[in-house]
Amino acid sequence: MTARTDVVVIGGGQAGLAAGYYLRRTGLDFVILDAQDAPGGAWRHMWDSLRLFSPAEHSSLPGRPMPPQPGRTYPDASHVIGYLKEYEERYGLPVHRPVRVLGVHRDGDDLRVETDSGRRWARSVISATGTWWRPLIPAVRGREIYRGRQLHTVGYRDPGEFTGRSVTVVGAGNSAAQIAADLAGHAELTWVTRHPPRFLADDVDGRALFAAATARRRALDAGEPDPGGVAALGDIVATPPVRAARNKGLLRPVAMFDRLEADGPVWADGTRVRADAVIWCTGFRPALGHLAPLGLRRSGGLIPTDGTRSVEEPRLHLLGYGDWTGPASATLIGVGLPARDAVRRIAALVRTGGR
């Protein structure tokens, strides 16, 4: 694969498809490179019981409402995968897969995209690789001597393999709460958090979270006091399974342990819990390794941006990594506006010859 094009989009998940929708409307020549071997992005790798935080009609990409899933108010991952597949087909998006991007380099007026299938040159690049591929496990004492099984959120599928076992779930966010709720009643569960988990009100779902994130961004952009955004509401959406487990008293979080020993966690006061497995629901980092040749990362490992555009490399846009690159841009409903803005700026750049 060797070609020149106006825009290369790296990543064929929800952010890449949203960018493709708007690029198709500009008439620019573009291609979407996806490392996966089928549509669906990270949704293809989620655990079986995962449900969206919002009803289908509030979980849509631009231009195409997500249809409801029969029998479910909150769709599951398989429904999202089908929706994303239909979305790229409906708009005839030029997704090439599987293509793994090895690096993005400056090359005169273009950016050169090196892949395992050849090279491409582009006037602009949109990086939309998300975070799923860079799971974060904290440096906890004793991890290397613990003899049980350790896995991250990305490795969890269903409670069946843990039935009758002792499992410690670490984390105070949505993934930890959902996986803990999934395991409750199947395993001997210990849920560990660094701070007391904050459940959102039962009637708050993804619609309210998107509204809060958008209001915060507008306030900050206008120089107004920070209203707090999503963080002001809480950390965990009380989805029906989480709510049911909580109401039954099955979710009883305890403080973070001090260290791991061979058979499980140990707290500073000497309390011990045996654990056959530890599941680290401890978050992710942006998957940006392919951008390393550009030398753009600064403090905290992030790339300084103006909206979605790299401050130091205006031919590069970053899309779908969370509030860093647009309010709620890591969500289905939230990625549309930053995708539209990124494509608008790219079209202006390409049409003026980069001036």
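Here is a chat about the cores and the aromatic rings of one predicted model.

Colleague: Before we start, what sort of model is this, and how are residues numbered?

Modeller: This is a predicted model, in which local features need pLDDT of at least 70 and side-chain atom pairs count only at pLDDT 80 or more, while totals for chains, interfaces and linings use all residues. Residues are numbered from 1 along each chain as its sequence is written, and side-chain values use heavy atoms, with hydrogens and water left out.

Colleague: OK, how many helices and strands are there in the chain?

Modeller: The chain has 6 helices and 16 strands, where helices (H or I, at least four residues) and strands (E, at least two) are DSSP runs numbered from the N terminus.

Colleague: And what share of the residues counts as buried?

Modeller: Of the 355 residues, 50% count as buried, a word that stands for under 20% relative accessible area, with exposed meaning over 50% and partly exposed in between (1.4 Å probe, protein chains only).

Colleague: Which residues have the most contacts inside the largest nonpolar core?

Modeller: They are W43, L61, I126, F162, V169 and I279, in a core of 59 residues; such a core is a set of buried Ala, Val, Leu, Ile, Met, Phe, Trp, Tyr and Cys residues joined through side-chain atoms within 4.5 Å. Helix α1 (residues 14-26) gives the largest share of this core, 7 residues. Apart from it lies another core, of 19 residues, and V31, V104, I303 and Y321 are among them.

Colleague: What does I279 touch, leaving aside its neighbours within four places in sequence?

Modeller: I279 is in contact (heavy atoms within 4.5 Å) with residues including L151, Y156, F162, V169 and L183.

Colleague: Switching to rings, how many aromatic pairs are there?

Modeller: The structure holds 11 of them, counting rings of Phe, Tyr and Trp (its six-membered ring) whose centres lie within 6.5 Å, with planes under 30 degrees apart called stacked, over 60 edge-to-face and the rest tilted. Y21 and Y22 form an edge-to-face pair, 4.9 Å centre to centre with 80 degrees between the planes.

Colleague: Why does Y21 count as buried?

Modeller: Y21 counts as buried because its relative accessibility is 11%, and Y22 counts as buried at 16%.

Colleague: How is Y21 arranged with Y87?

Modeller: Those two form a tilted pair, 6.4 Å centre to centre and 45 degrees between the planes. This pair links distant parts of the chain, with Y21 in helix α1 and Y87 in helix α2 (residues 77-90), 66 residues apart.
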